[in-house]
Amino acid sequence: MGSQVLRSALLALVLLGAAQVQAASSVLIWPIDPVLEADQQASALWLENRGSETANLQIRVFAWSQSGFNDQYQNQRDVIGSPPVAKIEPGQKQLVRLTRTKEVPPGQELAYRIIIDEIPSATPPAAEDGKTAAAIRFQMRYSVPLFAYGAGLWSKEDATRKRDPKGVGVPDLSWRTVAVDGRPYVEVRNQGAVHARLTDVALKQGGQSKPLVEGLLGYVLPGAIMRWPAPTAIAGDPALQVRVNGATQVQSIAPLR
């Protein structure tokens, strides 16, 4: 996934000539947390090119699950992103329509990842003397979470939609410490009906707080267990404090017994 969107450099293309480093484009994506409610057949995702070059993008939607403490992505056809390829000129926007082709079972949340890959230009940049310039061009990947809901369940607050308060889903989290090959880890389990997005995660003990990571730690999907390295060896009985799904307050997670 100051953006909630995850960006990673996947590929460096080395072109011959005088060296320079550049990114082909800069894409702004919103909303950063799209959902498909039980009564929605489609949702909208907007892509805006904030760069100075044409952005050629490939849009794919994968089923997202978690096992073995890792994220898993599978091909699927239950949610389709259209168009699958977009050419966006600088300063222009593109609407991507996320269409559901299959109903989600009642009371369930299904998770997807929208993967947006930049397709690098085949044309080498020109140097000031007219010769071919050398550049390291980074292919960007944008990863956006998408959650779809069955009847009777919802998670994301939306003042514009009428909601049955009984249908709100909340994560049910617990945690423990484990040692793997002599290294300490924090494990978080989610036995709730909806995902948990964990930020501002810290171990608190004796009046001291030790962050696990700045910003976003990661997600724990319903029924999953995820594991992250701890900053130091964990002794005693510390508390794990987290901000769940962007809540205004951090909360302490119950230890797993």
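User: Why is W64 called buried?

Analyst: Buried means under 20% relative accessible area, exposed over 50%, and partly exposed in between, with a 1.4 Å probe and protein chains only. The relative accessible area of W64 is 5%, so W64 is buried. Y219 is also counted as buried, because its value is 11%.

User: What do these values rest on?

Analyst: The model is predicted: local features need pLDDT of at least 70 and side-chain atom pairs count only at pLDDT 80 or more, while totals for chains, interfaces and linings use all residues. Residues are numbered from 1 along each chain as its sequence is written, and side-chain values use heavy atoms, with hydrogens and water left out.

User: What makes β3 and β8 edge strands?

Analyst: Strands are DSSP runs of E with at least two residues, numbered from the N terminus, and two of them pair if DSSP finds at least two bridges between them. The order in this open sheet of four strands is β3-β5-β10-β8, with antiparallel pairing. β3 (27-30) and β8 (79-82) each have a single partner strand, so one side of each lacks a neighbour in the sheet.

User: How do you know that β3 and β5 pair?

Analyst: Four bridges join β3 to β5 (residues 42-49), and the two run antiparallel; the rule asks for at least two bridges. The bridge partner of W30 in β5 is W46.

User: Why is the aromatic pair of W30 and W46 called stacked?

Analyst: Rings of Phe, Tyr and Trp (its six-membered ring) pair if their centres lie within 6.5 Å; planes under 30 degrees apart count as stacked, over 60 as edge-to-face, and the rest as tilted. Four aromatic pairs are counted by this rule. For W30 and W46 the centres are 6.1 Å apart and the planes are at 10°, which makes the pair stacked. These two residues, in strands β3 and β5, are 16 residues apart. W30 is partly exposed, with a relative accessible area of 32%, and W46 is partly exposed at 30%.

User: Why is the pair of W64 and Y219 edge-to-face?

Analyst: The ring centres of W64 and Y219 are 5.3 Å apart and the planes are at 75°, so the pair is edge-to-face. W64 in strand β6 (residues 55-67) and Y219 in strand β17 (residues 216-220) are 155 residues apart. Ring pairs also link F147 with W64 and Y219 into a cluster.

User: How do you know that the charged end of R227 sits over the ring of F69?

Analyst: The rule requires NZ of Lys or CZ of Arg within 6 Å of the ring centre and within 35 degrees of the ring normal. The charged end of R227 is 3.7 Å from the ring centre of F69 and sits over that ring. The charged end of R227 also sits over the ring of Y185, at 5.9 Å from its centre.
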